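Dear colleague,

I am passing on a structure for you to look at, followed by an account of what was found in it. Please read the notes below with the model open beside them.

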Amino acid sequence: MERTFLMLKPDAVQRGLVGEVIQRFEKKGFKLVGLKLIQVDRTLAEAHYAEHRGKGFFEPTVSYIMSSPVVAMVWQGKNVVALARELMGATNPANSNPGSIRGMYGMDISRNVIHGSDSVESAGREIGLYFKPEELVDYQKAGDEWLSE
Ligand code: GTP
Ligand code: MG
C-alpha cells in the first residue's frame, strides 16, 4: 500500500489547525501510520529541502521550518501521494482551489500550512529522513471494509 510523508508546518501548529487538517485526511479514508511533534534542526531542514538548494527561497524556507514545532506524519492508502497533493492544493495558497487545505487555511506561499511528498520516490526519501522503520505502525482499521470492495 502506498505511503506519503505529510508535515504540518509551524504556521499550522501555531494557528491551531492540527486537528482540522488531520481530520481531512482521516475523513477521506487514509490511514495514519506515523505521527510525531518535532522541532526540526538545520541538518534535517536542509536535507528536507535539498532539491531547492541554490534557489532564493531556500534559506528562508529552511529557517522557517526550524522556527517552531511541526507535526510529521506518514499516511497510507491507495494513490495517497497524488491524492494528498490534491487535498492540499497548489503550492501558493493564492492559486489553490478554495476547497483545498491551502485554499481554505492559507494566504501566502511562505506560510502554506502543509508539506506533502510530490512523488512516491520523494515519499520514500522523506519518510526515511523523519521516521525510523519501527516508528511506523501498520494495523487493521475499523471501517476499512467500508472504503472499498
Ligand atoms: P511542499 O509540499 O512544501 O514541498 O510544497 P510544494 O511541493 O508544493 O512546493 P515546492 O517543493 O516547490 O516548494 C517547497 C516550499 O518552498 C513551498 O511549500 C513554499 O513554502 C516554498 N516556496 C516554493 N516556491 C517559493 C517561492 O517562489 N517563494 C517563496 N517565498 N517560497 C517558495
Ligand atoms: Mg515540494
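The accessible surface of the protein amounts to about 8100 Å², and 54% of it belongs to carbon and sulfur atoms; such areas come from the Shrake-Rupley method with a 1.4 Å probe, and for residues only the protein chains shown count as cover. Please bear in mind that this is a predicted model, in which local features need pLDDT of at least 70 and side-chain atom pairs count only at pLDDT 80 or more, whereas totals for chains, interfaces and linings use all residues. Residues are numbered from 1 along each chain as its sequence is written, chains are lettered from A and ligands numbered from 1 in the order in which they are written, and side-chain values use heavy atoms, with hydrogens and water left out.

As to the overall fold, the protein has seven helices and four strands, which follow one another along the sequence as β-α-α-β-α-α-β-α-α-β-α; helices (H or I, at least four residues) and strands (E, at least two) are DSSP runs, numbered from the N terminus. The radius of gyration is 15 Å, close to the 15 Å that the globule rule gives for 149 residues, so the protein is as compact as a globular protein of that length (the radius is taken over C-alpha atoms, and the rule is 2.2 Å times the number of residues to the power 0.38). Of the 149 residues, 42% count as buried, where buried means under 20% relative accessible area, exposed over 50%, and partly exposed in between, with a 1.4 Å probe and protein chains only. Among contacts (heavy atoms within 4.5 Å) between residues at least 6 apart in sequence, 77% join residues at least 24 apart.

In α4 (residues 58–66), Phe 58, Thr 61, Val 62, Tyr 64 and Ile 65 are buried, and they cover an arc of only 160° around the axis, which puts them on the same side of α4; the arc is that of the directions from the helix axis to the C-beta atoms. Their cover includes β1 (3–8), α1 (10–14), α3 (42–48), β3 (70–76) and α7 (120–130). In α5 (residues 80–88), the buried residues are Val 80, Val 81, Ala 84 and Met 88, and these fall within an arc of 100° seen down the axis, so they line one face of the helix. They pack against β1, α2 (18–28), β3, α6 (101–105), β4 and α7.

The backbone deserves a look at two places. Asn 79, in the loop between β3 and α5, has a positive phi of about 60° although it is not a glycine, and at 40% relative accessibility it is partly exposed. Val 113, in the loop between α6 and β4, likewise is not a glycine and has a positive phi of about 75°, but it is buried at 0% relative accessibility.

Finally, UniProt, in an unreviewed entry, places the feature "active site" at His 115; its positions are given in the numbering used here, feature names are shortened, and annotations may be inferred rather than shown by experiment. His 115 is found in strand β4 (residues 114–116) and is buried, with a relative accessible area of 11%. Not counting residues up to four places away in sequence, His 115 touches Phe 5, Leu 6, Met 7, Lys 9, His 48, Met 88, Arg 102 and Glu 126.
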